[in-house]
Amino acid sequence: MTLEAVLDRLLRDPRYRRQVCHVEQLPAREAQYGEIELEPRLQAALARRGIWRLYTHQAEAISHVRQGKNVVVVTGTASG
């Protein structure tokens, strides 16, 4: 089932339709990557999985954790 079909089904279902307050489809855009120093062992583990750099939100989250801050990361679907 496609995403559009799932959304359509939710919007037509009386149990859910009032719970959806906004639907917006954003255009695709180029990925944005962050710069952050990682420990060599972590870099190697990521590289073995084909991950050569982190997305901006991932690098920012690591930076905040290193500063002792609490972090919650929420991103859109297919955002990395």
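Gly 34, Glu 35, Ile 36, Leu 38, Gln 43, Leu 46, Ala 47, Ile 51, Trp 52, Arg 53 and Leu 54 line the second largest pocket. The model is predicted: local features need pLDDT of at least 70 and side-chain atom pairs pLDDT 80 or more, while totals for chains, interfaces and linings use all residues. Residues are numbered from 1 along each chain as its sequence is written, and side-chain values use heavy atoms, with hydrogens and water left out.

A pocket is an open set of points on a 1 Å grid over the protein atoms alone where a 1.4 Å probe fits, with protein on both sides within 12 Å along at least five of seven lines; lining residues have an atom within 4 Å of a point. The second largest pocket holds about 180 Å³ of space, and its lining comprises seven nonpolar, two polar and two charged residues.

The whole structure contains one aromatic pair (ring centres within 6.5 Å). Tyr 33 and Tyr 55 form this pair, which is stacked (planes under 30 degrees apart), at 5.3 Å centre to centre and 15 degrees between the planes. Tyr 33 lies in the loop between helix H1 (3-12) and helix H2 (40-48), and Tyr 55 in the loop between H2 and helix H3 (56-66), so the pair ties together parts that are 22 residues apart in sequence. The charged end of Arg 53 sits over the ring of Tyr 33, 3.5 Å from its centre (cut-offs: CZ within 6 Å of the centre and within 35 degrees of the ring normal).

Relative accessibility is classed as buried under 20%, exposed over 50% and partly exposed in between (1.4 Å probe, protein chains only).

| Residue | Relative accessibility | Class |
|---|---|---|
| Tyr 33 | 34% | partly exposed |
| Tyr 55 | 26% | partly exposed |
| Asp 13 | 16% | buried |

Terms used
Points joined across faces, edges and corners; volume = space filled by probe spheres on them. Nonpolar A, V, L, I, M, F, W, Y, C, P; charged D, E, K, R; others polar. Phe/Tyr/Trp six-rings, centres within 6.5 Å; stacked < 30°, edge-to-face > 60°. Helix = DSSP H or I, 4+ residues; strand = E, 2+ residues; numbered from the N terminus.
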